[in-house]
Amino acid sequence: MSDTLNRVAQVLEARKGADADSSYVASLYHKGLNKILEKLGEESVETIIAAKDAQISGDCSDVIYETADLWFHSLVMLAQLGQHPQAVLDELDRRFGLSGHVEKASRPSA
């Protein structure tokens, strides 16, 4: 699994220096973080709708497709912020085996 994330991360990093007209990702980088976050929000809503539809229809193909878009745009956001997907995997590893209640209680209060 991390192989795929590493390959995507490499492509996303390479697109940072590309001309905005040369790729979709390069155009997102050119438009800035707010546009990336807007796309991430759109993909979140589309994923939610697809999940609700899948619960009714029993067909999860759209929710898988939309989740891929959501994850992809999350990776673009992370790359824009100079972060690698491994940081998220490391955080998930850190949480593995912890009760969700314990993990949440250990967070600094905002």
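At what angle do the axes of helix 2 and helix 3 cross? Keep in mind that this is a predicted model. The answer is roughly 120 degrees, and the axes come within 5 Å. Helix 2 covers residues 24–31, and helix 3 covers residues 33–57. Angles over 145 degrees count as roughly antiparallel and 65 to 115 as roughly perpendicular, so this pair is oblique. Who makes the contact? From helix 2, Tyr24, Leu28, Tyr29 and Lys31. From helix 3, Leu33, Lys35, Ile36 and Lys39. By class, that is five nonpolar residues, three charged and no polar.

Next pair. Helix 3 and helix 4 pack at about 160 degrees, with axes 8 Å apart. They are therefore roughly antiparallel. The crossing is left-handed. Helix 3 brings residues including Leu33, Ile36, Leu37 and Leu40 to this contact. Helix 4 brings, among others, Val63, Leu70, Val76 and Met77. The classes here are 11 nonpolar, six polar and six charged.

Now stay on methionine 77. Setting aside neighbours within four places in sequence, methionine 77 touches Leu33, Ile36, Leu37 and Leu40.

That takes us to the core. The largest nonpolar core has 14 residues. Met77 is among those with the most contacts inside it, along with Leu12, Val25, Tyr29, Ile36, Leu75 and Val76. Which elements give two or more residues to this core? Helix 1 (2–15), helix 2, helix 3 and helix 4 (61–80). Helix 4 gives the largest share, six residues. As a general point, nonpolar side chains tend to be buried together in soluble globular proteins.

How values were computed
Residues are numbered from 1 along each chain as its sequence is written. This is a predicted model: local features need pLDDT of at least 70, side-chain atom pairs count only at pLDDT 80 or more; totals for chains, interfaces and linings use all residues. Side-chain values use heavy atoms; hydrogens and water are left out. Axes are lines fitted to C-alpha atoms, for helices over the stretch in contact, and angles run from 0 to 180 degrees between N-to-C directions. Helices (H or I, at least four residues) and strands (E, at least two) are DSSP runs, numbered from the N terminus. Angles under 35 degrees count as roughly parallel, over 145 as roughly antiparallel, 65 to 115 as roughly perpendicular and the rest as oblique. Contact means heavy atoms within 4.5 Å. Ala, Val, Leu, Ile, Met, Phe, Trp, Tyr, Cys and Pro count as nonpolar, Asp, Glu, Lys and Arg as charged, and the others, Gly among them, as polar. A nonpolar core is a set of buried Ala, Val, Leu, Ile, Met, Phe, Trp, Tyr and Cys residues joined through side-chain atoms within 4.5 Å. Buried means under 20% relative accessible area, exposed over 50%, partly exposed in between (1.4 Å probe, protein chains only). A crossing is left-handed if the near helix is turned anticlockwise from the far one by less than a right angle, and right-handed if clockwise.
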